[in-house]
Amino acid sequence: MKRFLYFLILLAFWLLLTWSLDVQNIVAGLVIAVITTLLIGHLFFDNPAEMLEPQRIFWFLYYIPVFLIHMVKANLDVAYRVLHKDIPIRPGIVRVRTTLKSDLGLTFLANSITLTPGTLTIDIIGSDMYIHWINVRSDDPEQQTAIIVTRFENILKKVFE
């Protein structure tokens, strides 16, 4: 039943994105929704009704501009480092801790970090995430966690946990 609900939500999302009720569009949406549900349906919420809770939707809508702002700032930082050869770059792999427990929350956090230029999520082992960072600013794991993870984690916790 859970996967069927996910299938319906994905199909509805597809139809809203394409804004067309042509037969080929509906068939493509059906195929994509079935494949997506079968392949990654286990990553979604255990209780699908949780996705539609107003406070989760509010925090997700709040998360989008926060993520975009951090992404733009990181893009400008990396561009500045590329264009100015005298800017120090101290690349390294750091271990940070997260308090997120759900697979979907961890996936969103890892992707948010990776989509922010200058950082790349390499691995997640338990509550530890290994991140390649273009400019390691601190050797203290708590400061590294505060700089990289906390900006997204606090919001994602309200959405996915």
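The structure is a predicted model, in which local features need pLDDT of at least 70 and side-chain atom pairs count only at pLDDT 80 or more, while totals for chains, interfaces and linings use all residues. Residues are numbered from 1 along each chain as its sequence is written, and side-chain values use heavy atoms, with hydrogens and water left out.

The second largest pocket holds about 240 Å³ of space and is lined by 17 residues, of which A74, D77, P117, R137 and R151 lie nearest its centre. Pockets were located on a 1 Å grid over the protein atoms alone, a pocket being an open set of points where a 1.4 Å probe fits, with protein on both sides within 12 Å along at least five of seven lines, and lining residues being those with an atom within 4 Å of a point. Grid points are joined across faces, edges and corners, and a volume is the space filled by probe spheres set on the points. Helix 3 and helix 5 each supply at least two residues of this lining, which by class has seven nonpolar, five polar and five charged residues; here Ala, Val, Leu, Ile, Met, Phe, Trp, Tyr, Cys and Pro count as nonpolar, Asp, Glu, Lys and Arg as charged, and the others, Gly among them, as polar.

The largest pocket has a volume of about 610 Å³ and is likewise lined by 17 residues, with I9, F44, M51, F60 and F108 nearest its centre. At least two lining residues come from each of helix 1, helix 3 (54–83), helix 4 (103–115) and helix 6 (150–160). The lining of the largest pocket divides into 16 nonpolar residues, no polar residues and one charged residue.

D77, one of the residues nearest the centre of the second largest pocket, also forms a salt bridge with R81, at 3.1 Å from N to O, a salt bridge being a side-chain nitrogen of Lys or Arg within 4 Å of a carboxyl oxygen of Asp or Glu. Both D77 and R81 lie in helix 3, four residues apart, about one turn of the helix. D77 is partly exposed, with a relative accessible area of 31%, whereas R81 is buried at 13%; buried denotes under 20% relative accessible area, exposed over 50%, and partly exposed the range in between (1.4 Å probe, protein chains only).

A search of the whole structure finds four salt bridges. Another of them joins R56 to E53, the closest N and O atoms being 3.0 Å apart; R56 counts as buried because its relative accessibility is 9%, and E53 counts as partly exposed because its relative accessibility is 26%. A further salt bridge is formed by the side chains of D139 and R90, at 2.7 Å from N to O. D139 is exposed, with a relative accessible area of 62%, while R90 is partly exposed at 39%.

D139 is also among the residues in contact (heavy atoms within 4.5 Å) with Q144, whose contacts, leaving aside neighbours within four places in sequence, are V94, R95, V96, W133, V136, S138, D139 and V149. Q144 lies in helix 5 and, at 6% relative accessibility, counts as buried.

In strand 2, I124 is partly exposed, with a relative accessible area of 30%, and, with neighbours within four places in sequence left aside, I124 is in contact with L106, A110 and M129. I124 and R97 are 27 residues apart in sequence and 9.5 Å apart in space, C-alpha to C-alpha.

W19, in the loop between helix 1 (2–18) and helix 2 (23–40), has a positive phi of about 55° although it is not a glycine. W19 counts as exposed, at 70% relative accessibility.

As to confidence, the mean pLDDT of the protein chain is 88, with 96% of its residues reaching 70 or more, pLDDT being the predictor's confidence in each residue, from 0 to 100. Confidence is lowest in helix 5 (residues 141–148), at a mean of 85, and highest in strand 2 (residues 119–125), at 93.
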